[in-house]
Amino acid sequence: MIAIIDYDAGNIRSVEKALIHLGAECRLTRDISEIERADKIVLPGVGAFGDAMGRLNQYGLTDAIRTAVDKGTPFLGICLGMQVIFDESEESPGVKGLSLLPGKVVRFTGKDGLKVPQIGWNSLDIMKGSRLLNSVDDGAFVYFVHSYYVDATDKDDVVATTGYGETADVVVAHNNIFGCQFHPEKSSSIGLKILKNFTDM
Amino acid sequence: MHTIRIIPCLDVNNGRVVKGVNFVDLVDAGDPVEVATAYDSAGADEVVFLDITASSDGRATAVELARAVAEKLFIPYTVGGGIRTVDDFKNILREGADKVAVNSAAIRRPLLISEAAEKFGSQCVVVAIDARRCLEGYKVPDEDITPDNDTVRVGESGGKWTIFLNGGRIDTGIDAVEWAKKAESLGAGEILLTSMDRDGTKSGFDNELTRAVADSVNIPVIASGGAGTMEHFADAVSEGHADAVLAASLFHFKELEISKVKEYMKRRGIEVRL
């Protein structure tokens, strides 16, 4: 069973529907024991870094996530759900992230006349192989909606980047911890492939 | 690289896709979910659903539509048509839609834009604008039909286009460019800009209108109305500075294939997702 963490983040139904479409057994939940027992965990997220961490703390989910990740449960953070696995964000100064991986979240500067947020399809520059990107080609297009992006401290954790004025780390992987900045549930066949790679782990 | 989007638009009446010209002679054209997933396979970057069901209590048909689509369509989609309240936004977004398009209700009560943007984020608030070029000797309507709206009228701004309410039936006299700027300042995440002059004509987008709006705001502008050839799509970007290009009947009637349009745009040096 895949636990999709329900912490009042927007649009989690789309993630659920994509996983169901792939034939995965999944459940929206904020039940701590269910999350700790889950075979896999997905942390979706739309909204602001500070609000998201506030709710994860409020529902006692930060420790549940750490416990599950420590025992090796595959974990996928999507969009804001990827950002919160790092240490901190310019979006919400002073708020501590989950710190599952080292790094910070910074804002696009909008240079070269680029509009912030980035909304739309952009291509992946794949840095290294990962189970999450099995059969996904370099240059594949995925769908983004974000104003902030991850700057990972340890670039060994970075599987793919995307250029949008700056170079954003958009797919990360470290042992059982995975994150993608884009929305795989909205990225057509490529996105479904990535979600399938995760459900097959 | 970031790409220009091609967006097919589906008119949906009582849960069925309908095709027609200028909302008359509507014929049934299938199930919206099936039509939309076919567009996904054909290379569409997003889909817009316009619910034109005449009597819809609390936009129940639009919510139903959003729910059915979410189960099968895995590209972003927008639902619009008759949206009036923040609750309409909530109910549609909750089902899995990415964006909600609002038109007349936002002109009548612009604060709807900021309320929705504060609650759900600007990225999901699309302000649809129906604009028409002013005829020579244009006179601002005497009756102030949008009492809540302090946006500049064309007579004061010297602008060239006014915006219309109720599916293009009522001229507000409001300057289209000024309204787009106001919508952005209130928190709109995107402008869906339809040229009423060009809609259905297949004579090309009103690139002057698109450019006037796109160059005045810092949010994406979707050009709509007038698509007839592949060249028109590329021109909407190169001349109109559009971030996305929308067409309806052209794709429905298979006069153009999305992939062919994109290949042509690529040859013109425009970045697209292929």
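Me: Which are the buried residues of helix 9 (residues 230-238) of chain B?
Reply: This is a predicted model, in which local features need pLDDT of at least 70 and side-chain atom pairs count only at pLDDT 80 or more, while totals for chains, interfaces and linings use all residues; side-chain values use heavy atoms, with hydrogens and water left out. Residues are numbered from 1 along each chain as its sequence is written, and chains are lettered from A and ligands numbered from 1 in the order in which they are written. Helices (H or I, at least four residues) and strands (E, at least two) are DSSP runs numbered from the N terminus, and buried means under 20% relative accessible area, exposed over 50%, partly exposed in between (1.4 Å probe, protein chains only). In helix 9 of chain B the buried residues are His232(B), Phe233(B), Ala234(B), Asp235(B), Ala236(B) and Val237(B).

Me: Which elements of chain B do the buried residues of helix 9 pack against?
Reply: Contact here means heavy atoms within 4.5 Å. The partners in chain B are strand 1 (5-13), helix 8 (207-214), strand 11 (221-224), strand 12 (244-247), helix 10 (249-252) and helix 11 (258-267).

Me: Which residues of helix 7 of chain B meet helix 5 of chain B?
Reply: The axes of helix 5 (residues 111-120) and helix 7 (residues 176-186) of chain B come within 8 Å and cross at roughly 35 degrees; axes are lines fitted to C-alpha atoms, for helices over the stretch in contact, with angles from 0 to 180 degrees between N-to-C directions. From helix 5 come Ile113(B), Ser114(B) and Ala117(B), and from helix 7 Trp179(B), Ala183(B) and Leu186(B).

Me: Why does chain A count as compact as a globular protein of its length?
Reply: Chain A has six helices and 13 strands. The globule rule is 2.2 Å times the number of residues to the power 0.38, and the radius of gyration is taken over C-alpha atoms. For 201 residues the rule gives 17 Å, and chain A is as compact as a globular protein of that length because its radius of gyration is close to that value, at 15 Å.

Me: In which loop of chain A does Pro117(A) lie?
Reply: A cis peptide bond, with omega about 5 degrees, joins Val116(A) and Pro117(A). Pro117(A) lies in the loop between strand 6 (103-107) and strand 7 (118-123).

Me: Is Ser135(A) buried or exposed?
Reply: Ser135(A) is not a glycine, but has a positive phi of about 60 degrees. Its loop runs between strand 8 (125-126) and strand 9 (141-146) of chain A. With 61% relative accessibility, Ser135(A) counts as exposed.
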